[in-house]
Amino acid sequence: MYWDLVVLLLYFLVVFYFGFHFAKNTQKEEDFYLAKKEIHWGFLMISLVATETSSLTFLSIPSLSYKGDFRFLEIAIGYIIGRTIVALYLLPSYFSGNTISVYEYVGNRFGKSTQKTLSFVFTISRLLGDGIRLYVSSLPIAFLLERMGFSVSAEMLGMLALLILSVVTIVYSVFGGFRAIVFTDVLQWIIYLLGGIFALTLILFHLSETSITSQIQHLETLGKWKVFIFDYNLTGDNSYFILFAILGGAFISIGSHGTDLMLVQRVIATNNLRSGQKILIGSGIVVLFQFLLFLCIGSLLYLFYEGNLVPADKVFSHFIINEVPSPMLGILVAAILASAMSTLSSTINSLSLTWARDWEMDQWFSPRTLSLFFGILLFFASLIPYFLVETWEKGILEMGLTIFSYTLGPSIAVFFLAKGKKNLPISGSLFSIFFLLGILITILVGIGFKLSFTLLIPIGFGSVYGLVTLTGMIKKN
């Protein structure tokens, strides 16, 4: 167990090195937020994949194939379609001006009120969602500390783990800026991927008494290789009905990679449109194979634990804790942390960017000061679950995972209207109200009708687009 802790300490030291190594010449906004657009598109693509991959993805994707099949790949196919649409339709507009925040593009079209509204919603959703991701990511460190015999309460261990994780992430984000974040993302993605490959190899080793061919045939007999769902259930959940799944995946990707500043920042940080298109479409393909790797882990875990009652959402964690020897356990925990820290560092940098440019705080504060502020704010957001009673904690965790689905649909509508309409039929202030109303409608309809997550974003998109269009028709008449 002590060797596992040594591995984690070495990992943190390497991350610190990256932060301080790239600390030079990061005082100006162009370098701190976009690294002067000098980074090769390949590194930016890997950084994009690492940023959108959280520790929840690392631990939860195997549970989908453990309890079911490979139908989640339908969503990944939709991701590629959605990114292709963004690359061909929205991205040229982002490269046509001299903006470093995509919300500036909307502000130039529809006014400052819309720009600030989008920025504010982005800030709240990121603080809530990624604060909860930070909380979940601290649990493996707390587990190691507990195994080492620290005689304090679980809550105190959890908060200590949060503090360690936050300090390391804040330091390299604040000192190294975007350049350090990108190259640290690449390192963390490699660790994350190698961790997944090692876990897959270890499971295969444990299953070596039976031939691989017979194992594959057994899984096929059980229907666990199924990818496409063509049967529509009139009374049940249709989240993975092929049309809804691919459409939902496409909308999710259009929203996240076309309107979410944290992810778009990696695309516009390249020096030309063609490289940006390579980053977007290439990242979708990488994510597809990444999902395939972890879905394979889940299927093999089903064979490994067949006959044993292991909760699906904890099966990969259970395997890591009980079957992975030291010091490889430390490496796998580092992989979990890597998937989290890449997302969190990007959140800090993008929140700093949006408040520097969209709220013009760069007149008063340096990029590093803003990054430090949002890093500390993110740490306090991660403490929220500790102050909730247990019955509410599950709800807030689920909200953290789904909150982006409620906001992405209206955001997509705003950007598509900015691209397609020369002039709005309404004022910028009323447009901002329609945007917020679209989010509210999506939440109410989604909760009220218990809709699958694949339908939430189209509803949000239709709400805002419909409100603007209807108002324009009324004004004409």
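**Notebook: loops, core and salt bridges**

I began with Ala35, which counts as buried because its relative accessibility is 0% (buried means under 20% relative accessible area, exposed over 50%, partly exposed in between, with a 1.4 Å probe and protein chains only). The model is a predicted one, in which local features need pLDDT of at least 70 and side-chain atom pairs count only at pLDDT 80 or more, while totals for chains, interfaces and linings use all residues. Residues are numbered from 1 along each chain as its sequence is written, and side-chain values use heavy atoms, with hydrogens and water left out.

**Entry 1: backbone**

I looked up the phi angle of Ala35 and noted a positive value of about 55 degrees, although Ala35 is not a glycine. Ala35 sits in the loop between helix H2 (29–34) and helix H3 (41–52) (helices, H or I, of at least four residues, and strands, E, of at least two, are DSSP runs numbered from the N terminus). Lys36 is in the loop between H2 and H3 and also has a positive phi of about 55 degrees without being a glycine. I recorded Lys36 as partly exposed, because its relative accessible area is 41%.

I then noted a cis peptide bond between Ser326 and Pro327, with omega at about 5 degrees. Pro327 belongs to the loop between helix H13 (315–323) and H14.

**Entry 2: confidence**

I read an average pLDDT of 84 for the protein chain, with 91% of the residues scoring at least 70 (pLDDT is the predictor's confidence in each residue, from 0 to 100). Residues 391–398 fall below 50, and this stretch has eight contacts in the model beyond near neighbours in sequence (contact means heavy atoms within 4.5 Å).

**Entry 3: nonpolar core**

I found 135 residues in the largest nonpolar core, where Phe58 and Phe316 have the most contacts inside it (such a core is a set of buried Ala, Val, Leu, Ile, Met, Phe, Trp, Tyr and Cys residues joined through side-chain atoms within 4.5 Å). Helix H8 (residues 154–206) supplies the largest share of this core, 17 residues. Leaving out residues up to four places away in sequence, I listed the residues that Phe316 touches: Phe58, Leu59, Pro62, Ala199, Phe294, Ile297 and Leu301.

**Entry 4: salt bridges**

I searched the whole structure and found eight salt bridges (a side-chain nitrogen of Lys or Arg within 4 Å of a carboxyl oxygen of Asp or Glu).

Arg357 pairs with Glu104 in a salt bridge, the closest N and O atoms being 3.1 Å apart. Arg357 lies in helix H14 (residues 328–357) and Glu104 in helix H6 (residues 102–110), so this pair ties together parts that are 253 residues apart in sequence. Arg357 is partly exposed, with a relative accessible area of 21%, whereas Glu104 counts as buried at 12% relative accessibility.

Arg126 and Asp130 meet through their side chains in a salt bridge (3.0 Å, N to O). Both lie in helix H7 (residues 112–147), four residues apart, about one turn of the helix. I noted Arg126 as buried at 6% relative accessibility, and Asp130 as buried at 0%. Salt bridges that share partners join Arg126, Asp130 and Asp260 into one network.

Arg71 forms a salt bridge with Asp69, the closest N and O atoms being 2.8 Å apart. Arg71 is partly exposed, with a relative accessible area of 29%, while Asp69 counts as buried at 7% relative accessibility.
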